[in-house]
Amino acid sequence: MTASGASWVAGARSADGEGKSEGFGLANLPMGAWSGEGRGARLGVRIGDSILDLHRCVESGVLARLDRRIQDALAKSVLNDYLGLGHAAWAAARAELQRLLGESCGELRDAAIAKDALLPAWGITMRLPCDIGDYTDFYASIHHATNVGSMFRPTNPLMPNWKHLPVGYHGRASTVVASGAAVRRPMGQTVQADDGPPSLTPCRLLDYELELGAIVGGQANEIGQRVGVVEAAQRIFGHVLLNDWSARDLQKWEYQPLGPFTAKNFITSISPWVVMAEALAPYRVPMPARVEGDPQPLEYLRWDGDFLLDVRLEVAISSAPMRERGVPAMVVSRSRGTDLWWSMNQMLAHHTVSGCRMRPGDLLGSGTISGAGEDERGCLLELTWRGTKPITLPDGTERKFLQDGDEVILRGFAVRDGLPKLSFGECRGIVLPVA
Ligand code: MN
């Protein structure tokens, strides 16, 4: 990166980025897939107020310094081929993009192609960054697990396995969508009275879950081959915000003994810009030491260099009447990537301890990230304590769970003293009534 961290692109002339582009400076350069302005699905890089069309860059020879196979992968419509190239290729492409977009470089800025390769970031449609082959969601925040556990098992909130392994379930890749896609309230089996019979009803207790996602890359491991915790760090390409929309009434009736099923398979939203693990490296925080009485993880989950990411997260909600009146969404809670008990590296290592194959484009979710405070709870189940402490929106209405027309917005910034902010952008979804 150039010494100042500044770019010649509008909205990124300071290292932090400006205005609507805060956090999209030269230090970030997240990648994603998009279409629009008469151009079919393709990859791009967000820089300041603009999106750099990677297909156009490859076509015109702007990226000719890169290996042919990297150029070919960047000319595709999804990230999967690029993800498969592995971390050395990712680092090479990132360094070249930082050089071309840095303020001291005129190569792209002064080229005839520049106007055509850089488009305003607002006029286009962001898509899923990759074809997601498999999706697994974890449960790695101790505050979330303790809060939810204590609602159902007051004397024994954490199950005996919780501090020994990152608990997870296999989610549904076919219903992972990009931010902005509508969230249709699901139907499902619910039980009104504790011992009553089930009936098929619209979900009444619809919830969001504030999570970080990890996009897996690198060469797929063979079936039977484990990925160690150190190697796992090199197999994570980058991170997104993830909303694991959840139907709590469906979940309560169906979750035992095999875990969530229809309560979580109807939709999962992710933010479209993948913030590269390499960009996030300076925002790593060493794993907190286990306190006395807590078990040390087994050897395969242990790494002195292991880390969490200092990403400041928030959830905001707006009702349809609020949006009609131009009232901004209300931030209802804040938490941090450092509130996790297990790292993404440990999640990936544990995922493969049985020899499970992980392919480029697989998605991991951290689980709801909650902090210790009452205003740091990452879902409504916790925030309203099962609906016993409703929150009040600026339009005067109360929420125990989500209503039709509500929009949920997740936001995130990587933050560290003396370093530019890195934005994750937003992950949005508006709840629609049952079809
Ligand atoms: Mn979840």
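What spacing do the donors of the manganese ion follow along the chain? They follow D-x71-E-x1-E-x32-D. This is a predicted model, where local features need pLDDT of at least 70, side-chain atom pairs count only at pLDDT 80 or more, and totals for chains, interfaces and linings use all residues. Residues are numbered from 1 along each chain as its sequence is written, and side-chain values use heavy atoms, with hydrogens and water left out.

**Manganese site**
- The protein donors are Asp137 (OD), Glu209 (OE), Glu211 (OE) and Asp244 (OD), at 2.1 to 2.2 Å from the ion.
- Donors are N, O and S atoms within 2.8 Å of the metal (3.2 Å for Na, K and Ca); water is not among the atoms, so sites may look incomplete.
- Aspartate 137 sits in strand E6 (residues 135-138), and glutamate 209 in the loop between strands E12 (206-207) and E13 (210-216), 72 residues apart.
- Helices (H or I, at least four residues) and strands (E, at least two) are DSSP runs, numbered from the N terminus.
- Aspartate 137 is buried at 1% relative accessible area, and glutamate 209 is buried at 4%.
- Buried means under 20% relative accessible area, exposed over 50%, partly exposed in between (1.4 Å probe, protein chains only).

**Tryptophan 341**
- Tryptophan 341 lies in the loop between strand E21 (330-336) and helix H11 (344-351).
- Tryptophan 341 counts as buried, at 10% relative accessibility.
- Its C-alpha atom is 5.5 Å from that of serine 141, 200 residues away along the chain.
- Beyond neighbours within four places in sequence, its contacts (heavy atoms within 4.5 Å) include Ser141, Trp162 and Gln346.

**Helix H11**
- Eight of the eight residues of H11 are buried, Gln346 among them.
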